[in-house]
Amino acid sequence: MPGERLAVRGTSEVGRFPGAAPPTRVELTIHKDGEKKLEEGGCRRWFKKMCPCCCKRQSNTHDVTDKVEFVKPPAPTPTPTPEPAKLTVENGEAKEMEEMKLSVCSVDLLSSKTDQNRKEHHTELFQGDDMIIRRGQTFQIEMDLNRPFSADNDKLYLDLKTGPLPLVSKGTHVIIPLVDHLEDERWEAKIVEQNGNKIKLSVNSPASAVIGLYGLTVTTSTSKCVAANTHNSDKNIVMLFNPWCEEDAVFLDDEEERKEYVLNDIGRIYYGTEKQIGARTWNFGQFHEGVLEACMFILEKSDMPPSGRGDAVNVVRVLSAMINAQDDFGVLVGNWSGDYSDGVSPSAWSSSVEILRKYHSSNGTPVSYGQCWVFSGITTTVLRCLGIPARSVTNFQSAHDTDVSLTTDVYLDEDMEPIDYLNSDSVWNFHVWNDCWMARQDLPPGHGGWQAIDSTPQETSQGTFRCGPASHNAIRSGQVYLKHDTPFVFAEVNSDKIFWQRNPDAGFTQIHCEKKAVGHHISTKAVGSDERADITHLYKYQEGSEEERIAVETASRFGSKPDTYSTALAQDVLVEVKMEGEGPRMGADAKLSIVVKNLSSQSRRTTLHSQVAVMYYTGVLKGTIRKEQIPVELLPNEEKTFDWVLPYQQYQNQLVDQAALMLTLSGRVSETQQVVANQTTFRLLTPDLNITPVGDAIVGKEMAAKITFTNPLPRMLKGVVFRVEGLGLQKGHEVIVGDVGGHSTVTLTEHFVPTQPGPRKLVACLDCKQLTQVHGVADIVVLEN
């Protein structure tokens, strides 16, 4: 304690009781000849109180010497103080009775990509030599001390701090003691090796630890001295979620799925329509240089307190808000206007890396521009980077419910024409969001596993543009009362499309219910291959099954129109739209077939009102191209097919991104007043870029790739730009091509030097206002040199 005298060994019990002789005291005076005695100032007096063993008491009664003098007072007598006995140490060197203080000379975090930590924690794919570990798993560090460590007399502990105001009570300031045996779910450290002045520690962390950036301090002290030494590591520690740890909320049991959903840095994102599913390759690049730093920056920039970063549910919910810039200056600005002149067109991106690095390097300036697949690609990157299993998911015929009715409502006037200002609900051709894997301790048992989250800004959730995580099991069973945002996702995948007709009294009557209108071919990349996996069954039961109907009716009771399903409508006339092969192609006439069936034993008559409109993939209509009426007369049990053709000249100047069209058919059966209705979306197929590798693919050796494109339109494409990128092959860059004439072919040869061995993908896409979603990919296996 402060002010306590050092006791000589062997006499520690002396003087503990009244009347006993006081213990031997040590007083040290070391002055140089000719040096004046310094007055003891206030600072020195304070320092002496704080650390008496560092600030020895100066003698005012002895000459300057180079000797250590042990002064042993005699037993108490009334006589004056006796003359002290002097002991001179050989060679004139001062030998302190206290042991030398313990201090840390250096700390080695064993953080290189080839070290034990990075390999055992599955972080060796990250670039650089930072200390990147996963929670709930032991890691090793080595220390060089100024002398050998003594377990009997020395003390050592570690301090880890994260966030601007680290607090032990919040889990952001962690004090890690030395123990003899490590136990799970605790912050502890154990010395596992000792060799001279060097020791090796094995450090354990709980599976609920806060993730993020930690600073490390090592504190050492000796039992004979109150003062402690501290050593700050010159390297920080990055803590991530751990899907390999059974106690972590994000634990994923299947190793192949962990490789796909955590370690795979490239994937596929699907788009188009349910009958014309397109796919594009996306570089997630979660291990690319600068991406981890960008993810840490996003966490720091969010309003989430560091103490909340241990909860995976909380983290993904915050990230779903931070990926879009709608209300918190997040990563990416959404733009569906068609004008991207002051940024990059959403369809021109093929990688998350450039976007995240640009956001970080600009200190949080949102990047322009993105649409749903870009938001999803970035979300996949950030979640995988942080250790949360994630995948990009595409829902075809994806509903956007704006009034929480859990139905997709279409309002028609007395003449069966759509009432535009009331039709705020929409059905997107496709919509891309994300699934992430985690336990849900905040929900009833059985709702863990895959959760849907969406970073595309559509509707606010608790005042912020974000969505999820919503449990797949809750969505499938219609338990829309379970958080977070389950009603919205349920409506996207399994709402019925309800048609309402305006009455003369301005009220509305439900006239038709289309039960299989939304949520088709929900798709994600398959595990271990580039094939498409249909995961519709994870989001809803089979269409029309008793379980699916129960789920829909269960959900609707919690919506804003709980009486929607109180009555049933008879249906004996069906309308269906079909297309041949892959469907219409860009630059040619669009040809479809309309099939009308009479299921009754009596004749039926109706007039189909047909209109075709150009639409954004979000379901927002840009404008109607053509309207017409088709009279239909059917004999009992008859089926008729009508050819429907849209000439190229009628749509060539009307198309927007995705080249999507919507055909709406509606009518009323004269004999039964049954309403028949159908909405079909289709896109005009665009050509692929053909990429052909040239030469041997060897690390450090130049090779080439030939990229070929043929303009499918009879008109000139203006300002064509190619964007080329390949992780481990070459950095992303633009190649300005310029104008390309109608039906002309462009050939571009790229030269590059592969830097990483193994299977790689070279990705290219075309950026042009008149033609979008043109891209290609080549598989290249790079050999070691």
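The legends below describe close-up views of a predicted model.

Local features are described where pLDDT is at least 70 and side-chain atom pairs where pLDDT is 80 or more, whereas totals for chains, interfaces and linings use all residues of this predicted model. Residues are numbered from 1 along each chain as its sequence is written, and side-chain values use heavy atoms, with hydrogens and water left out.

View 1. Leu216 lies in strand S10, which spans residues 212–222; helices (H or I, at least four residues) and strands (E, at least two) are DSSP runs numbered from the N terminus. Leu216 has a relative accessible area of 4% and is therefore buried, a term for values under 20%, with exposed meaning over 50% and partly exposed in between (1.4 Å probe, protein chains only). Contacts are counted for heavy atoms within 4.5 Å. Leaving aside residues up to four places away in sequence, Leu216 touches Val107, Leu109, Leu158, Asp159, Leu160, His231, Asn232, Ser233 and Ile237. The C-alpha atoms of Leu216 and Ser233 are 5.5 Å apart, although the two residues are separated by 17 residues in sequence.

**View 2. The largest nonpolar core.** A nonpolar core is a set of buried Ala, Val, Leu, Ile, Met, Phe, Trp, Tyr and Cys residues joined through side-chain atoms within 4.5 Å. The largest such core has 61 residues, and those with the most contacts inside it are Val331, Ile378, Val382, Leu386 and Ile388. Helix H7 (residues 372–386) contributes the most to this core, with nine residues. A second, separate core comprises 57 residues, including Leu608, Val720, Phe752 and Leu766. Beyond residues up to four places away in sequence, Ile388 touches Phe241, Val250, Tyr261, Val315, Val316, Leu383, Cys436, Trp437 and Met438.

**View 3. Helix H6 and its packing partners.** Helix H6 covers residues 353–361, and its buried residues are Val353, Ile355, Leu356 and Tyr359. These buried residues pack against helix H4 (291–301), helix H5 (312–322), strand S15 (332–334), strand S16 (367–370) and H7. After H6 comes Asn363, which has a positive phi near 60°. Tyr369 is located in strand S16, and the peptide bond from Ser368 to Tyr369 is cis, with omega near 0°.

**View 4. Strand S17 and its antiparallel partners.** Eleven of the eleven residues of S17 are buried, so this strand is largely enclosed by the rest of the structure. Strands are taken to pair if DSSP finds at least two bridges between them. S17 runs antiparallel to strand S19 (residues 426–438), to which ten bridges join it; the bridge partner of His400 in S19 is Ser426. Two bridges join S17 to S26, again in antiparallel fashion, and Phe396 has His520 as its bridge partner in S26.

**View 5. The open sheet S28-S29-S32.** Three strands form an open sheet in the order S28-S29-S32, with antiparallel pairing. Strand S28 (573–578) and strand S32 (639–646) stand at the edges with a single partner strand each, so one side of each has no neighbour in the sheet. S28 and strand S29 (residues 590–598) run antiparallel and are joined by six bridges, and Ser593 in S29 is the bridge partner of Lys578.

View 6. Leu110 is found in the loop between strand S3 (104–108) and helix H2 (116–120). Leu110 is not a glycine, yet its phi is positive, about 50°; with a relative accessible area of 10%, Leu110 is buried. His122 is found in the loop between H2 and strand S4 (131–134) and has a positive phi near 55°. At 24% relative accessibility, His122 counts as partly exposed.
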